[in-house]
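Subject: Structure for you to look at

Hello,

Here is the structure I said I would pass on. Please open it and keep it beside this email while you read.

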Amino acid sequence: MKTFSQLREAAKPKGEVVFNKKIQRVPVKITKEGKGFTVYIDGDRLDTFKTQKEAEKTAQTVVKELS
């Protein structure tokens, strides 16, 4: 069985960082990976999107809903 630390290691960004800002004091990173743009909110992987614009818009929406 995997430990919590091992699961957190698997969720770290693995591509080229194209967006790294705080939205409402929550750290958001978007990385360019093989299949598209992956969104990480507060260090947790959210999802992968086809375009950077779509990824940024979704990140803003998620942060707004969670705050």
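Two strands count as paired if DSSP finds at least two bridges between them. Strands (E, at least two residues) and helices (H or I, at least four) are DSSP runs, numbered from the N terminus. This is a predicted model, in which local features need pLDDT of at least 70, side-chain atom pairs count only at pLDDT 80 or more, and totals for chains, interfaces and linings use all residues. Residues are numbered from 1 along each chain as its sequence is written, and side-chain values use heavy atoms, with hydrogens and water left out.

Start with β3 (residues 37–41) and β4 (residues 44–49), which pair in the antiparallel sense over five bridges.

R25 is not a glycine either, and its phi is positive at about 65°. For comparison, most residues other than glycine have a negative phi.

For accessibility, buried means under 20% relative accessible area, exposed over 50%, and partly exposed in between (1.4 Å probe, protein chains only). Q24 counts as partly exposed because its relative accessibility is 46%. R25, with a relative accessible area of 78%, is exposed.

The loop between β2 and β3

G34 lies in the loop between β2 and β3, and K35 has its place in that loop as well. G34 is exposed, at a relative accessible area of 85%. K35 is exposed too, at 80%. From C-alpha to C-alpha, G34 is 8.1 Å from G15, and 19 residues separate them in sequence. K35 and T58 are 23 residues apart in sequence, with 17 Å between their C-alpha atoms.

The core

A nonpolar core is a set of buried Ala, Val, Leu, Ile, Met, Phe, Trp, Tyr and Cys residues joined through side-chain atoms within 4.5 Å. The largest one here has twelve residues, including F19, V28, I41, F49 and A59. The elements that give two or more residues to this core are β1 (16–23), β2, β3 and α2 (52–66).

Contact means heavy atoms within 4.5 Å. Not counting residues up to four places away in sequence, V28 touches F19, N20, K21, I23, Y40, I41, A59 and V63.

The helix α2

How far apart are the end C-alpha atoms of α2? They are 21 Å apart, which agrees with the 21 Å that its 15 residues should span at 1.5 Å a residue; the expected span is 1.5 Å times one less than the number of residues.

In α2, the residues A55, A59 and V63 are buried. Seen down the helix axis, the buried residues of α2 fall within an arc of 65°, so they line one face; the arc is that of the directions from the axis to the C-beta atoms. An α-helix has 3.6 residues a turn, so residues three or four places apart point the same way. What covers the buried residues of α2 includes β1, β2, β3 and β4. On the face turned away from the buried side, α2 carries the exposed residues K53, K57, K64 and E65.

Regards
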